[in-house]
Amino acid sequence: MDWSKTKTIFILAFLILDIYLAMEFFELQDKSDYTIIQEATIEERLDAEGIEYPDDLPDDIKNSFYITAKSKDFTIEEVAKLKDQTIELPNVNFEEDQSFRTLNMILDKPFPLPDVNTESKITQFLNDNIISGELYHYWYTDEEMNSIICIQSYNSRTIFQSKDDHIGMVVLHLNEDNEIISYEQSMLEQIKEVEEKEAAITALKAIEALYNKNYLSSNSQVVKIEYGYYTHSPLSNQQILAPTWHLTVEKEDEESEDFYVNALEGDVLQLTE
């Protein structure tokens with residue numbers, strides 16, 4: 001027997017075995033590390049990146065469903081019943097049977113808003129001066145345009161929309177003295193629930209959906225989350241609205257962004273600035 005050759009073979013065999021065992025060890029270690037990462041909860045991952053959200057998240061929604069609605073056509077008869085205000089006609093070819101998808105009304109006398117209890121005064125104005133005004137509630141103030149945005153609800157759930165969509169909204173225009181001088185109104189009617197009902201994803205799952213899509217940057221904060229209805233593709237007449245979580249996120253630079261997450265599918269529907 002050639003002992004020198006045998007020794008070389010043994011050395012090579014053990015070297016190959018060592019390499020194989022080392023590869024197996026590192027592969028198992030990688031899998032172990034990956035498992036640890038995978039097992040981290042969404043709360044832990046958000047905390048690790050300094051992402052904050054409200055402690056009192058909304059309760060789980062047991063019955064969630066799509067709704068359909070029709071854009072209302074306001075008639076001249078309805079407008080005639082409104083007191084102390086005049087319609088601003090879109091054209092001079094006025095006809096008695098004319099209807100309006102969006103009303104543009106001018107008040108005969110400005111309606112003052114106080115510096116305190118402003119929202120309750122806005123609610124009073126809506127109830128007393130707007131067609132089906134009880135369906136709307138204060139949404140936000142547009143400082144740049146000096147206007148107040150009021151939005152329609154269904155079963156106490158907000159129908160989310162932008163000013164450009166304007167499918168169920170009242171925009172109150174103010175003068176320099178903080179008085180309402182005119183408004184625009186659109187409205188959804190014949191609202192129906194699609195029969196299939198199922199539990200919505202939780203508010204925390206909606207936050208997780210944003211996190212997984214990289215919409216939540218480090219040290220950002222979810223300052224508001226609310227359940228309602230939303231369509232990212234408004235139609236001219238018939239609307240199909242999805243059950244939706246609306247989230248307002250404040251970045252580290254204090255700029256805010258609005259996000260919409262489908263409450264059944266978990267998809268991020270649209271980002272608006």
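I began with confidence: the protein chain averages a pLDDT of 87, and 82% of the residues score at least 70 (pLDDT is the predictor's confidence in each residue, from 0 to 100). I noted that this is a predicted model, in which local features need pLDDT of at least 70, side-chain atom pairs count only at pLDDT 80 or more, and totals for chains, interfaces and linings use all residues. Residues are numbered from 1 along each chain as its sequence is written, and side-chain values use heavy atoms, with hydrogens and water left out.

I compared the elements (DSSP runs numbered from the N terminus: helices, H or I, of at least four residues; strands, E, of at least two). Where pLDDT is low, the predicted coordinates should not be read in detail.

I then looked up strand β1 (residues 67-71). Because 4 of its 5 residues are buried, β1 is largely enclosed by the rest of the structure (buried is under 20% relative accessible area, exposed over 50%, partly exposed in between, with a 1.4 Å probe and protein chains only). β1 pairs in the antiparallel sense with strand β11 (residues 188-193) over 4 bridges (pairing requires at least two DSSP bridges). β1 also pairs with strand β13 (residues 238-250), again antiparallel over 4 bridges.

I last checked salt bridges (a side-chain nitrogen of Lys or Arg within 4 Å of a carboxyl oxygen of Asp or Glu); the structure holds 10. One of them joins glutamate 208 to arginine 45, with the closest N and O atoms 3.4 Å apart. Glutamate 208 is buried at 14%, whereas arginine 45 is partly exposed at 25%.
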